[in-house]
Amino acid sequence: MDKDFRGNAYIVKHKEVLLNYSGGFADLANEIPNTIETRFASASMSKTFVAVGILQLIEAEKLKFEDTIGAILNFDLKHIDPCVTVRQLLNHTSGVPDYFDESVMDDYEALWIDYPNYRIRHNWDMLPLFIDKPMMYDRGERFQYNNSGYVLLAMIIEKITGMDFDVYLKQNVFNRCGMSYTGYYSFDKLPARCANSYIYCSDTDDYRTNIYSVGAKGTGDGGAFVTSEDIVKFWNGLIEYKLLSKEMVTQMFSKQSGDGKDPEEGYYGFGVWIIDNPKGQDYVYMQGCDDGVSAISEYNPNNGMITVLLSNYGDNVWARMRKIREEMY
């Protein structure tokens, strides 16, 4: 791993650690370094946890893929099609209005000009950002990555279980995998060893934290804090069928949507991205990006390799993942 990378890079193959590299500071002002024990914000990587929670409820027969949001959620959906299904939310084909449409927006901070980010502590706090907008397209028409869809999925978990989605995930995903250092934490109540996430300021040639750039606490679309070792435990929980049946994991890791026109981005399964591999089993990955945050983790079923790259400076984890594929696959 190049020495300019600020964060943690961790590679495991059949439980043998091939790389454990840390660089940069978790707390820049106090020069506290990042380590393997540092908890990093993971942005949209956390969507994968929500997808697993939904798939567990489907396996428990408390929910069906074809159930509609209109039949589950008991609030006014306004312009949102009530016939949007759980499946369409999972694979980003719902067309529901996205509060942050990445095809036309690139400044996440702009969301909080009129709606302070410190108000974002629950999924329902996200509703004002998209509930009055029209559908982006007819449900099922095409794939388009959608943040609001996973907010709605987390609300479905809460409606069915009667628990906050993060409490459900802690009990049924994190604890089951032994992910002791993963959770959804408020910025004003962070536990030990959480890294600050830093944004470069070109006008002053220094850094500021992202505490005014993202919600005060993670919601269904992202925001969990994770460690590299916990992410490996999560993958192992999936591939050892501790979280879901073999049949459901197979569905989760199968191409459900997308056209693969961008070979690096690939296709979408349920909560994970999939890169086509004509020479073997497809590669499966999860990723996230926020101001000051970049994260990717990939499982290669052909050689058992799990890679985790987490940066609290928004470093280019995607270029480094490409290099790992070229050199180690």
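Partly exposed here covers the range between buried (under 20% relative accessible area) and exposed (over 50%), worked out with a 1.4 Å probe on protein chains only. The model is a predicted one: local features need pLDDT of at least 70, side-chain atom pairs count only at pLDDT 80 or more, and totals for chains, interfaces and linings use all residues. Side-chain values rest on heavy atoms, with hydrogens and water left out, and residue numbers run from 1 along each chain as its sequence is written.

Now to the salt bridges, each being a side-chain nitrogen of Lys or Arg within 4 Å of a carboxyl oxygen of Asp or Glu. The structure has 15 of them. One of these joins Asp81 to Arg139, N to O at 3.1 Å. That pair links distant parts of the chain, 58 residues apart: Asp81 sits in the loop between α2 (69-72) and α3 (86-90), Arg139 in the loop between α3 and α4 (147-161). Helices are DSSP runs of H or I with at least four residues, strands are E runs of at least two, and both are numbered from the N terminus. Asp81 is partly exposed too, at 22%.

Asp2 and Arg320 also meet in a salt bridge, at 3.0 Å from N to O. Here the partners are 318 residues apart, with Asp2 in the segment before β1 (7-13) and Arg320 in helix α8 (residues 317-328). Asp2 is partly exposed at 31%, whereas Arg320 is buried at 16%.

Asp282 pairs with Lys255, their closest N and O atoms being 3.5 Å apart. Elsewhere, shared partners join Lys15, Glu240 and Lys242 into one salt-bridge network.
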